[in-house]
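Open the model and keep the sequence beside it. The text below walks from the overall fold to single residues.

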Amino acid sequence: YAPSGIYEDDHSGWEYVTALVSGWGKINDPNATAGHYRRINNAPAGSLARFWFTGTRFQLTYLRDAGYGKLVVYVDGMKVGTIFQNYASPLWKRVWTSPVLALGNHVVEFRVVGTKANIDRIKIVP
């Protein structure tokens, strides 16, 4: 479980799940927080990104842009929110903040709804 801190999309704490061979790809773009982010296109049902952490809250940084769907957020198996990623033009470094959680170990799942989604980084708050 990752302690408080900032974890980019390529950190080993991330697990990207999809039935596609080419699934979640790393996209280089200078507008992303570390010059890159993860994106899935043509996402089949069940596609998600998962992160294990210890803390009370997290913040996901992502891109809003045309053609994107949404991420439904689950913590420890319970739905806590929805992140809408569709927008007419690119909006970089958008941040979604989770509700306050009990201090301890948690797993967050960002479940893809629609055909396209992205992850830039996650910040874990103690």
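Two residues are in contact here when heavy atoms lie within 4.5 Å. This is a predicted model, so local features need pLDDT of at least 70, side-chain atom pairs count only at pLDDT 80 or more, and totals for chains, interfaces and linings use all residues. Residues are numbered from 1 along each chain as its sequence is written, and side-chain values use heavy atoms, with hydrogens and water left out.

Start with the fold. The protein has 12 strands and 0 helices. Both kinds of element are DSSP runs numbered from the N terminus: helices are H or I with at least four residues, strands are E with at least two. The C-alpha atoms fill a box of roughly 35 × 30 × 25 Å along the principal axes.

Now look inside. Of the 126 residues, 44% are buried. Buried means under 20% relative accessible area, exposed means over 50%, and partly exposed lies in between (1.4 Å probe, protein chains only). In soluble globular proteins, nonpolar side chains tend to be buried together. Here the largest nonpolar core has 25 residues. Such a core is a set of buried Ala, Val, Leu, Ile, Met, Phe, Trp, Tyr and Cys residues joined through side-chain atoms within 4.5 Å. Phe51, Phe58, Leu60, Val108, Phe110 and Ile122 have the most contacts inside it. Strands S5 (48-55), S6 (57-64), S7 (70-75), S10 (104-113), S11 (117-119) and S12 (121-125) each give two or more residues to this core. Another core lies apart from it, with 5 residues, among them Ala32, Leu63, Tyr68 and Trp92.

What does Phe51 touch, leaving aside neighbours within four places in sequence? Its partners include Ala2, Tyr7 and Trp14, as well as Val108, Ile122 and Ile124.

Val75 sits in strand S7. It is buried, with a relative accessible area of 5%. Beyond four places in sequence, Val75 contacts Phe58, Val80, Leu101, His106, Val107 and Val108. Gly35 is 40 residues away from Val75 in sequence, and their C-alpha atoms are 28 Å apart.

Thr61, in strand S6, is also buried, at 6% relative accessibility. Not counting residues up to four places away, Thr61 touches Thr33, Lys93, Arg94, Val95, Ile119, Asp120 and Arg121.

Follow one of those partners, Lys93. It belongs to strand S9 (residues 91-97). Lys93 has a positive phi of about 55° although it is not a glycine. It is partly exposed, with a relative accessible area of 43%. Asn42 also has a positive phi of about 55° without being a glycine. Asn42 lies in the loop between strand S4 (36-40) and S5. It is exposed, at 61% relative accessible area.

Finish in strand S10, with Val113. Is Val113 buried or partly exposed? It is partly exposed, with a relative accessible area of 36%. Val113 touches Gly69, Lys70 and Val72, residues up to four places away not being counted.
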